[in-house]
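User: I would like to learn how to read backbone and packing features in a model. Please take them one at a time.

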Amino acid sequence: MPQWDDDRPLVGRDAELARLLTTVDRALEGRAGAVLLAGDAGVGKTRLLDELAARAAERGLRVLTGHCVDLGDVGLPYLPFVDLLRPVAAGSGQPGLPELLSGRGAPAVPELPAGDADLGRPLVRRPVADSGRLQLFESVATLLGELAADTPLLVILEDLHWADRSSRDLLRYLLARLGEESIALVASYRSDDLHRRHPLRPLLAELVRLPVVERLELAPLPDAAVGELLRGLAAGVPDRTVEDVVARAEGNAFYAEELLAAGLAGETLPLGLTDVLLARVEQLGQAAQQVLRVAAVAGRQVRHDLVAAVSGLPPADLEAALAEAVHRHLLVVSHDGRYRFRHALLREAVLADLLPGERVRLHATTAAHLAATPGAGTAAELAHHARASNDLGGALSASLEAAAEACRAGAPAEQLQHLEAALALWPAVPDAVARAGRDQPSLLLDSAAAARTAGEPQRAVALIRAALDLLGPDGDPVERARVHYRLAQALGRIEDQAAAYRESSRAMALVPADPPSPVRTWAAATHARTSWALGRRAEAGAAADEALAAADALGLDSAWADTAVSLARLRGGSDLTGRLEEALVRARRSGDTDVEMRVLFNLAVVPYEAGDVAATLRWVDEALLRAAELGVEWSFYGAELRHLGVSARYVSGDWDGSLALADRLARVPEMAAHVRAAGLLVQVGRGDPSAAERVVWAHGLTERLDAHVLLLLATAGAEIDLAAWAGDAGTALERAGVAVRQVQAHWDADRLAVLRLVATALAPVGDAAAAARLQGDETAARRWVRAGEELVAEARAAVEDHRRGVGPFGVEAAAWQARVEAEAARLAGRAEPALWRAAVDAFGYGHVYEQARSRWRLAEALLAADDRAAAAEELRAAAEVAARLGAAPLRSAVTALARRGRLDVPGVGRVPDAAAVLTPREAEVLRLLAQGRTNRQIGAELYMSEKTASVHVSRILAKLGAGGRTEAVALAAARGLLAPASG
């Protein structure tokens, strides 16, 4: 079992720590205060107090800590105060604690031994009268006051729920006496241990009325904080493991740590954690324990009538047992009157403790009650209990009903879960076909449809292939055709276009075109899509014409709408949106949500390709509302619409909205991970420090989902941009090269998306080539130019292949093509303002950030052409956008260029003239340094000795804070200390 470090950072408790430090700060000002810190066992009270103690010590307070110990009903008197005062006695010069207290008016007390084994001996050996006890209380209060007069105190009492009566009385006395002393007192206790008759409850009620006392409830950690905690405990923990532990721990730090350790060790519920949880159960009476067993079998929440029916307890005994479980904080009463376990892991522990026979019996009794009592539970509950009690036929029927309920509720993930449960039971139920009302291949197709809607396309493919295997080569041709075209649709959604085309071709071959039939119509509609994806335009057009005519004749609105979308995209035309809107009407009339979402996606993407980002966002917002209404948010087109919304908001300059949409839902199917990855461009553009970590996450997913091209593009684009802003031309080149080859493998001729990758990677490569030229390293310059030219060739080839195989392209691709050509000129060392002006104009369709980035490069080219006024104007526009978007890297680049060119750009500031930083002689030396000259060459040219030149170089490095000659030149260029022409 892993052991975690104790010095890891505190996670998720900033607000609580701030409140506690407020009390500490009051003590520093000479005002006493106390906090009663409440929280469930394991929620993190001790870790928070450790952090508080460390922070208080840093502020100059003396920290005294006392611990209460569970010693049963009879505790040792004053144990926590003995614990916290022992260090005082040890450092006071007094023989021991009794003498220290006796000198302040307390009755004589025996000396306490120094060994830890005897720490629990009482503060006084003999019983004392009330007056004697009062003297003892006063002596402790006086001692603390004297200590605080020298150094402010933080007194911590842990686990007050175990405190003995004497300690509770002493605490009451001390808190009542607190006033102007420099003392902060914090006492922690477990709120889940405070049953109705717990002796601490009346004391707490009394203490919170004191003016110096406040109560702080330590709530469970938020899920994000638990995730951060887990990743801090063990590096490289898979996301799925973290999500599972977060869900099970429910904000309890101790449970999370134990579950993570158990998961890493291959366990389910850790034995140690089970023992901790069951120890509280075993304190209950037998009837209350029976109630918990029934509740554990029933589920996380349970109705009173079910407990009564299954437990078999008389009403009076049942009520007493439930009251005991509730008062002991093992069960809590929900607002709807049902009982639920205070923590899900408690239920797991009770379940794990059941004997197999007892568990089966309780499940069977529960299932019988649910089946016999209308409205007593859901079909999903009945399926669970029937399966657990070995009633496999009943479980199959209930699973199918539960799937139907989930479908009606718009919950495709749950629908898939229940359908797969039915599939697993199918071989063991002789009358499965009669119970299901369909054969197994049909059930597999239904399951595949649910998987597709739930955002699990890979699972859908597997289920459809299983149906195809069951039908076999000799199966009914119509049924086989239906399975083939559905498999083609599913394969298209995992980017396997060649396999999709083969499957749609097989479907077409199995069913004749005449007479028209629904299966043939859908086969043709699907074949139109798969043929178009492979550039088989004539074949696609013929299949679409056939499908559209047949759908019209048969009244198949969904097939008509689907085919109309394919034809509209295939043939284009001026009334493209009008035809898509007609398809939307028919799709909605048919009730086919998948086709409806496809139409909505195309209605959104058509204006995006035309450069109308505002129209795209209107359609995206409408479509996402509709997807949520239908419960298909993570279906293929639901996810694509969300991805388009993230991208379109990024393009329009609504970066906050883009990030919010990318992160709106906590759990995202892996096949929809590109939605979240699309938000990386905003993080990189803003210079967010967490972007690098998130890029690593996305890169790991791309390796696992190597056919997910949109995820690849989002990840590679962010990686390349991150490397570009860091000046890491090598990484940018490597990632661009890999990504370009991967996109070509999957998308072949339709791969214009590589233009953005190439253009972004060319930026740092051009910088590297320019720096090499500046330093006179022609070999390095040629190497960078050759590498960049290879990327330029890839981009130009993608453009030509698209024109030959697909046709014209939209404004975004045209803008990136213009950027590639401008970067290619810069790579070759040519300042081409006209090319950069073309890029600025091309991105003017609505891409706010990339237009600003192009303006920055245009300003650089204008400076090289000595058009300073125009350069300043472009930089001003770029600076305004960078500031509005919070694009820190672009703002820094604009600032550096303005300073290098000594341009007056509002909000950027100006750098002093070189003469204000360097002497005239040092400026001459710097100029030669930038040309890559050695100290001997500098000396020869400036008529000085090599040693004198070395001294000048050293002074320049010191003034610039540079570690070497190359860095000095780079810093000088960035600060505008080199002539503009040399930049």
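Analyst: This is a predicted model. Start with Tyr-78, which has a relative accessible area of 3% and is therefore buried, the cut-off being under 20%. Tyr-78 sits in the loop that links β2 (62–67) to α3 (79–90).

User: What is the phi of Tyr-78?

Analyst: Most residues other than glycine have a negative phi. Tyr-78 is not a glycine, yet its phi is positive, about 65°. Glu-495 is also a non-glycine residue with a positive phi, about 70°. Glu-495 lies in the loop between α23 and α24 and, at 19% relative accessibility, counts as buried.

User: Which peptide bond is cis?

Analyst: Most peptide bonds are trans. Here the bond from Asp-514 to Pro-515 is cis, with omega near 5°. Pro-515 belongs to the loop between α24 (497–510) and α25 (518–533).

User: How should I read the crossing of α22 and α23?

Analyst: Look at the angle, then the handedness. The axes of α22 (residues 457–471) and α23 (residues 477–492) come within 9 Å and cross at roughly 160°. Angles over 145 degrees count as roughly antiparallel, so α22 is roughly antiparallel to α23. The crossing is left-handed. By class, nine nonpolar, one polar and four charged residues make up the contact between α22 and α23.

User: Is His-198 buried or exposed?

Analyst: His-198 is buried, with a relative accessible area of 10%. Its place is the loop between β4 (183–190) and α7 (200–207). The His-198 side chain reaches the backbone oxygen of His-161 at 3.2 Å.

How values were computed:
Residues numbered from 1 in each chain as written. Predicted model: local features only at pLDDT ≥ 70, side-chain atom pairs only at ≥ 80, totals over all residues. Heavy atoms only, no water. Helix = DSSP H or I, 4+ residues; strand = E, 2+ residues; numbered from the N terminus. Buried < 20%, exposed > 50% of the residue type's maximum accessible area, 1.4 Å probe, protein only. Polar contact = N/O pair within 3.5 Å; in protein donor to acceptor, adjacent residues only side chain to side chain. Axes fitted to C-alpha atoms, helices over the stretch in contact; angles between N-to-C directions. Parallel < 35°, antiparallel > 145°, perpendicular 65-115°, else oblique. Left-handed = near helix turned anticlockwise from the far one by under 90°. Nonpolar A, V, L, I, M, F, W, Y, C, P; charged D, E, K, R; others polar.
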